[in-house]
Amino acid sequence: MKRFIGFVRKEFFHIMRDRRTAAILFGMPILQLLLFGFAIRNEISEVRTGILDLSHDVVTKELTDKIFSSGTFVATGALNSGKEIGKAFASGKINEVVVFEPGFAGKLQRDGSAQMQVITDGSDPNVSRIVTGYTGSVVREYLLEKAASSGQPTGVEAVPLMMFNPALKSVYLFVPGLMAMILMLVSALMTSISITREKETGTMELLLVSSLKPVQIIVGKVVPYLLLSFVNVLTVVSLAFFVFGVPCRGSLTLLLAESLLFIMTALSLGIFISSVTNSQQVAMMISLAGLLMPTVLLSGFIFPVASMPLPLQAISNIIPARWYLVIVRGIMLKGAGIAVLWKETLVLIFMSLLFMTASVRKFSERLQ
Amino acid sequence: MKNDRKDYLLPLRVIGHILRKEFLQIFRNRGMLPLIIVMPFIQLVILSNAATFDVAEVPFHLQDFDRSALSEQLVKRFTSTGYFRMTGESFRQQSGIDALVGRKADMVLVIPRDFEKEMSGNGYGRVQLLINAEDGFTAGVVRAYANDIVAGFNRDLPLLLPHMTGLSAVMPVIDIRSSGWYNPELRYSEYMVPGILVVLVTIIGLFLSAMNVVREKEIGTIDQINVTPIKRWQFITGKLLPFLAISLGELTIGLLIARLAFHVPMLGSYGLLYIVATIYMLVVLGMGLLISTMTDTQQQAMFVAWFFTVIFILMSGLFTPIESMPHWAQNLTQMNPIRHFVDIIRRIMLKGSEIQDILAPLAILAAQALLMLTLAVVRYRKVSA
């Protein structure tokens, strides 16, 4: 046991002595969280809009004012003819052009219907769709107000209540994903590289002929990264809370326990990778291509799983981060307990066991 | 003396030897080769499809406290449009919230008691939507869908409540026609595929180059090179070219896949695209080699490279629009090479931009390439770690 503790200490020194890696290891989560909190958003706050008003009447004037007073739209100046639209988009200085047809107010009065056109830069379909939606809701609001003030019946009004995240802050969405990504990086990637490094430089043989058991060597390699990962979880959760006000509505103990479980899953994945290959480069490529990219893109971190085509939704099931994300969002934002999250927890436990057994098998095969 | 005059091609021949060595090393590594070639394309195909914000068939939970003919009509509107799918129904307030927490639904539609009565009485009624806003973007889309449906319902109210006078004049309609230029069907893959291509060549180029020199340090072969008369710039050039070739090869296959599998249009010129790609790869590879000369272990090099890749990708406007960033962050992204290449490749492929349209970002990339390569050559010292 004493020897084992000595080995763990040696591993710790190894990591901490490398200043650059240690700095990144602790600095990266903080920097990324700050970036996500302050800079990266998926909502659109400033729609640069040009108006092509072919009617110039009271209604179009009111509608234009209404659009620009909502705070989301910024005027980039009026356009005078349809020809200018193309130029405006090509310059990249504009997101949207709103066109009112000639005789707008008259048609609205007479026929009860008038046409306007919303042109967006479709090369980014996302922005395009949101911008169109925003514009539509401003117009709808305008009509409602008009009807209400003239005492007309306005029909059904749907009152939305944004649950769990009333201010619609995207940092609420990103924090759990960020945790998953950092844990994958530290636990799986670093572990797999550190073990393959011993193999590559030949020091693994030295360790194997020492009086330490193979299991102890692996555990000893893994323990420092486990602690590091856990420190990172604490950093991210507290920063998210104190700087960005991301709440933890459920039990903090449960959150930490589940994080520990996810760390175990990631570690066993890392061990498994290192049992398959002898080269650091291969280990790194597998970790990067097979773990990190899918963790970012297939887990629901940025893009919702429900939006993916069905085959990809199926694939996302084998990605541990997908389950961890559900758990973290459930606990932090919705205050969910284990009664709701037991299924996801079981999946993670099962995955950890699977990878551990697989790597123990691989390792013992090699030792014989 | 004679030899000196004959051998003015010597520097190039030296580079040729390094090139041969590098290519041999790359192709000899059986573990790496399939990864370099296969992985990116599986990723391109999978990830381009994954990166979408489309919201389809929102699962919703119904709490109809009114249970009238009119409320039934409204519910039918929700279930029949294809935007929503009903996953449950209950009459207790808490069960609606439970459905949201348990991820059984993303929206709860609450129709209050007396909904029909109020509607027939004064032509005005309210329903409540509890929307799961964990993901603010999706929540916004769900709200927009619901509003559309309710607006359609209101339009048909005169038919649904014929005995109600005055309803015939319900609200004038402003008919909004929307169109997205450059990508009228608003297909997301057209936007994503070029961007993901950039990420793939970046990752391959940056990591291969970042791990390269440092690997020679780790296994000790750098000392053997150090005692040869190879010059610093020759060494760096010899290291650079193979990776440039691999990256451009990768880009070519990627473009083929984009064309054949995703039908991404190519409105601009391939020549221009490759010129930009070459300049961009010089930035990336220069950065990789710089990292490699400055670090001591592969692990360290990989970690530093990963650090910058993540920051650059996140700040590139690839996944989230640059316009939604605050202004200081938008200015910061000017220093980000990935941002410029993503921007350029999208403009060339989707909008058919010519060289004069992309001069500014191209100039920034060229300046960065020059800076990175100079730094890499200067920082590389013929001393072992």
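Strand S5 (residues 155-163) of chain A pairs with strand S4 (124-132) of chain B in the parallel sense, over 9 bridges. Within this pairing, Gly155(A) stands opposite Tyr124(B). The model is predicted.

**The contact between the chains**

The pairing of S5(A) with S4(B) joins two chains. The contact takes 92 residues from chain A and 93 residues from chain B. Several elements of chain B each supply at least two residues of the side that touches chain A. Among them are helix H3 (32-50), helix H5 (93-101), strand S5 (173-181) and helix H9 (188-219). Helix H13 (298-314) and helix H15 (337-351) of chain B are also included. The largest share comes from helix H7 (136-155) of chain B. H7(B) gives 13 residues to the side of chain B that touches chain A. What is the division of that side into nonpolar, polar and charged residues? There are 56 nonpolar, 26 polar and 11 charged residues.

**Strand S3 of chain A**

Strand S3 (residues 96-100) of chain A pairs with two strands of chain A, S1 (residues 47-53) and S4 (residues 113-121). The table sets out these pairings beside the one between the chains.

| Strands | Sense | Bridges | Residues opposite each other |
|---|---|---|---|
| S1(A) and S3(A) | parallel | 5 bridges | Thr49(A) and Glu96(A) |
| S3(A) and S4(A) | antiparallel | 5 bridges | Val98(A) and Val118(A) |
| S5(A) and S4(B) | parallel | 9 bridges | Gly155(A) and Tyr124(B) |

Why is S3(A) largely enclosed by the rest of the structure? In S3(A), 4 of the 5 residues are buried, so the strand is largely enclosed. A residue counts as buried if 20 or more other C-beta atoms lie within 10 Å of its own. In a regular strand, side chains alternate between the two faces of the sheet.

**Helix H4 of chain B**

Helix H4 (residues 69-80) of chain B has 12 residues. From its first C-alpha to its last, H4(B) reaches 16 Å. That is close to the 16 Å expected at 1.5 Å a residue. Which residues of H4(B) are buried? They are Leu70(B), Ser71(B), Leu74(B), Val75(B) and Phe78(B). These residues cover an arc of only 140 degrees around the axis, so they lie on the same side of H4(B). An α-helix has 3.6 residues a turn, so residues three or four places apart point the same way. On the other side of H4(B), Ala69(B), Lys76(B) and Ser80(B) are exposed. Gly82(B) follows H4(B), and its phi is positive, near 90 degrees.

Definitions and conventions
Residues numbered from 1 in each chain as written. Chains lettered and ligands numbered in written order. Predicted model: local features only at pLDDT ≥ 70, side-chain atom pairs only at ≥ 80, totals over all residues. Buried ≥ 20, exposed ≤ 12 C-beta atoms within 10 Å, placed from the backbone. Pairing = 2+ DSSP bridges. Expected span 1.5 Å × (residues − 1). Arc of directions from axis to C-beta. Contact = placed C-beta atoms within 7 Å. Nonpolar A, V, L, I, M, F, W, Y, C, P; charged D, E, K, R; others polar.
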